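Thanks for asking me to look this over. My notes follow as numbered points, with the overall picture ahead of the individual residues.

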Amino acid sequence: MKQAAIPDTLGGESFEEEAREGWLSWVSSVDHKKLGIMYLLGSFFFFLVGGILALLMRVQLAAPNNHFLSPQVYNQFFTMHGTTMVFLVLVPMLVGFATYMVPLMIGARDMAFPRLNALSFWVQIFGGLMLYFSFATSGVNGGAPAVGWFSYAPLSETAYSYGPGVNYWILGLLGIGVGTITAGINLIATIICLRAPGMSIRRVPLFVWMTMITAFLIVVVMPILNAGLVMLLIDRLLNAHFFRADSGGSAVLWQHVFWAFGHPEVYIMILPAFGIISEVIPVFSGKPIYGYDFVAASTLAIAFLSLAVWAHHMFAVGLGHAFDLFFAISSFAIAVPTGVKIFNWTATLYQGRIRFTTSMLFALGFLLMFTIGGLSGVAFAAVPIDWQMTDSYFVVAHIHYVLFGGTMFALFAGVYYWFPKISGRMLNERWGKVHFWLTLIGFNLTFMIQHVLGMLGMPRRVFTYPALPGWAEMNMASTIGAFVLAFSVLIFMVNIAISLRSGAVAGDNPWDAWTLEWATTSPPPPENFTHGVPPIRGRRPLWDLAHPDRTDEMMMKLVK
Amino acid sequence: MPDKTKLGVGLFLLSEAIFFLILLLAYVYFHSVPSDGPSAANSLNPMRTLVFSICLFLSSATIHLAGRSFRQGERRGVSLWLMLTVALGGIFMFGQAREYLGLFAHGVTVSTNLFGCTFFTLTGFHGLHVLFGLGGLGALLGVAMSGRLGQVKPSGFEAVTMYWHFVDAVWVVIFGVVYLWPRLS
């Protein structure tokens with residue numbers, strides 16, 4: 001073992017905090033593990049808030065011509081639900097896992113910039129609180145923003161949204177944007193500069209690969225949103241004209257700017273999820289990932305293509321035939337590298353010794369649900385289908401299959417996989433499986449039927465609907481599904497609470513996994529690897545360590 | 001492996017470049033729409049701005065020389081060149097302030113028309129970046145003057161330098177597009 005294997009990553013910053021105790025040791029922490037846990041807890045808190053908003057909306061939609069929520073409140077709720085889930089749940093939860101796991105996986109002691117790491121987290125939290133403060137604004141025009149999560153102009157301009165809600169939305173997102181960009185910079189610098197000796201860039205775990213590419217996307221596209229936000233803010237506060245068609249501005253420019261950010265953002269929310277799946281499936285199949293290079297390279301392809309597909313959100317604007325054609329083709333093309341990955345994971349499962357742990361069940365659930373979401377998504381690349389389906393519940397169903405069936409399932413897989421490492425205790429598998437099946441049933445009951453509602457013409461973002469044949473029943477089914485889903489989250493929380501107290505002690509490597517985070521104790525000590533990092537001669541250092549007679553290196557030579 | 005500070009600053013500047021690119025695209029997008037009232041062609045004075053711009057361009061050279069002195073351990077040289085850099089940056093800010101006041105006096109503000117809102121947004125954010133850079137340079141200068149230059153890491157010095165060159169480079173593009181473009185047509 002190389003004792004000197006850990007590069008100088010800290011500048012002596014991280015250990016000052018050991019003297020502090022209690023909550024102060026968390027608030028003042030610059031340790032990537034504590035910050036990672038705080039990211040996960042913070043985003044889970046917002047997940048509950050956003051989920052409650054969704055439940056209230058589903059109650060309103062349970063019956064036709066319902067008056068449980070007023071139209072104004074309903075508009076505020078779907079705006080806040082979407083904004084919360086995208087900016088305060090999925091991205092920070094993925095960043096949280098990356099913040100916790102990446103330094104461990106590459107054999108580093110901390111992130112490249114520990115203080116910046118803390119700044120990123122706190123700026124995002126305060127951005128989120130700023131966003132929610134909008135509920136406290138009073139008066140006729142008060143309340144939260146009610147313009148949808150993409151805040152289309154001119155609706156988001158003062159002429160139509162006079163209250164301060166949209167201002168809070170802008171300032172909150174600017175804070176979150178700045179925090180996310182700095183987190184992205186930090187992750188890239190960590191992965192490029194702090195890998196342990198032997199951990200070449202072609203040997204890092206795929207989760208690290210996905211995180212790095214995601215972080216590049218963050219650095220490149222979040223400033224596009226920030227630029228759009230400041231222009232909107234200048235319009236609203238200084239009476240400028242960027243997006244105001246009545247004085248020469250262009251509402252379509254906002255759509256271009258927002259979606260030039262917004263579509264890559266979708267990949268920011270899914271690529272790290274791909275990374276989690278690429279860790280979980282091989283370990284529980286007992287086989288190395290099939291086609292590591294293809295998984296990594298196809299991710300690069302997705303990242304590049306994602307920068308050139310944004311206007312498929314704008315087919316209904318009427319931008320012209322040539323324009324539509326270009327974005328239709330690029331949107332079809334991006335399905336190819338995504339499909340490559342599905343085959344990689346399936347091929348990894350093939351002839352594997354599969355262990356059906358809860359984590360693996362969620363990963364398999366991801367494969368199915370994400371494929372459904374991907375298929376309904378690629379359908380939108382066909383312009384006429386988009387014209388027919390846009391702004392209907394078909395879109396709502398699609399995005400939830402991708403972001404819940406995809407990202408959330410992967411995140412649950414990640415929680416069950418890494419909880420033992422983070423807490424030192426196993427999550428209860430029996431409760432875990434109940435959680436999984438309830439999630440799968442509740443999720444499909446909620447959203448599968450919405451495809452049909454969308455095809456029948458039910459528009460999204462309308463607070464109620466007439467009693468057309470079948471609509472009441474289908475909406476009721478969807479609402480029941482939402483409550484099943486909510487119940488599954490309760491079971492998950494109970495499982496966490498019980499397992500934290502009395503779960504089986506995990507040990508260093510409960511899953512017989514191969515990557516470096518499992519080489520240290522659970523939970524890891526402050527400096528991560530007290531006894532140095534094990535030698536790294538391949539992609540699976542712990543496998544090599546456990547099987548010195550048939551390391552990956554030897555097997556590669558045999559194959560050749 | 002690359003230096004983490006330089007890499008981090010480089011990535012930060014990449015994100016800044018994209019931020020400015022979007023503001024610039026908004027400017028160009030609306031510039032092509034003919035409109036009455038103030039415009040780049042009838043409201044801006046490229047020659048006067050060029051004088052101030054040259055100060056900013058020169059400051060890139062002076063900070064480069066400051067860096068050379070820093071690497072050679074010449075404390076006095078560092079202070080001198082940094083002072084000159086701050087002065088040149090200050091002159092640029094003075095020039096921009098005068099230009100803004102002149103425009104305000106003629107009733108050109110951010111709410112006047114599309115030229116006003118895109119021009120002030122683009123150049124205003126650049127000005128804010130210059131101010132921020134002057135803060136960083138001022139901090140370095142303060143450290144240099146108090147004789148604690150030995151505590152400054154080379155990568156820290158390099159970070160401020162990179163940022164300042166970036167602010168300069170953004171102005172080259174803005175000057176070309178906002179001030180020279182309308183003169184060419």
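1. A definition to begin with: two residues are in contact when they have heavy atoms within 4.5 Å. With that in hand, residues 24 or more positions apart account for 81% of the contacts in chain A with a separation of 6 or more. Please keep in mind throughout that this is a predicted model.

2. On secondary structure, chain A has 16 helices and zero strands. Its radius of gyration is 24 Å, close to the 24 Å that the globule rule gives for 560 residues, so chain A is as compact as a globular protein of that length. Along the principal axes, the C-alpha atoms of chain A fill a box of roughly 70 × 50 × 50 Å.

3. How much of chain A is buried? Of its 560 residues, 61% fall in that class. The accessible surface of chain A is about 21000 Å², and carbon and sulfur atoms hold 70% of that area.

4. Turning to the partner chain, 32 residues of chain A are in contact with 27 residues of chain B. The two chains bury about 2400 Å² between them, with 83% of this coming from carbon and sulfur atoms. Which three residues supply more than any other three of the area that chain A buries against chain B? They are Cys193(A), His241(A) and Phe242(A), which supply 21% of it.

5. His435(A) sits in helix 13, which spans residues 429-455 of chain A. Is His435(A) buried or exposed? Its relative accessible area is 0%, and the cut-off for buried is under 20%, so His435(A) counts as buried. Leaving aside residues up to four places away in sequence, His435(A) touches Phe362(A), Phe412(A), Tyr416(A), Ser488(A), Ile491(A) and Phe492(A).

6. A second residue to look at is Ala328(A), in helix 9 (residues 321-349) of chain A. Its relative accessibility is 8%, which is under the 20% cut-off, so Ala328(A) is buried. Which residues does Ala328(A) touch, not counting those up to four places away in sequence? They are Phe315(A), Ala381(A) and Val383(A). As for Tyr39(A), this residue and Ala328(A) are 289 residues apart in sequence, and their C-alpha atoms are 37 Å apart in space.

Notes. Residues are numbered from 1 along each chain as its sequence is written. Chains are lettered from A and ligands numbered from 1 in the order in which they are written. This is a predicted model: local features need pLDDT of at least 70, side-chain atom pairs count only at pLDDT 80 or more; totals for chains, interfaces and linings use all residues. Side-chain values use heavy atoms; hydrogens and water are left out. Helices (H or I, at least four residues) and strands (E, at least two) are DSSP runs, numbered from the N terminus. The radius of gyration is taken over C-alpha atoms; the globule rule is 2.2 Å times the number of residues to the power 0.38. Buried means under 20% relative accessible area, exposed over 50%, partly exposed in between (1.4 Å probe, protein chains only). Accessible areas come from the Shrake-Rupley method with a 1.4 Å probe; for residues, only the protein chains shown count as cover. Buried area is the accessible area (1.4 Å probe) that two parts lose on being put together, summed over both.
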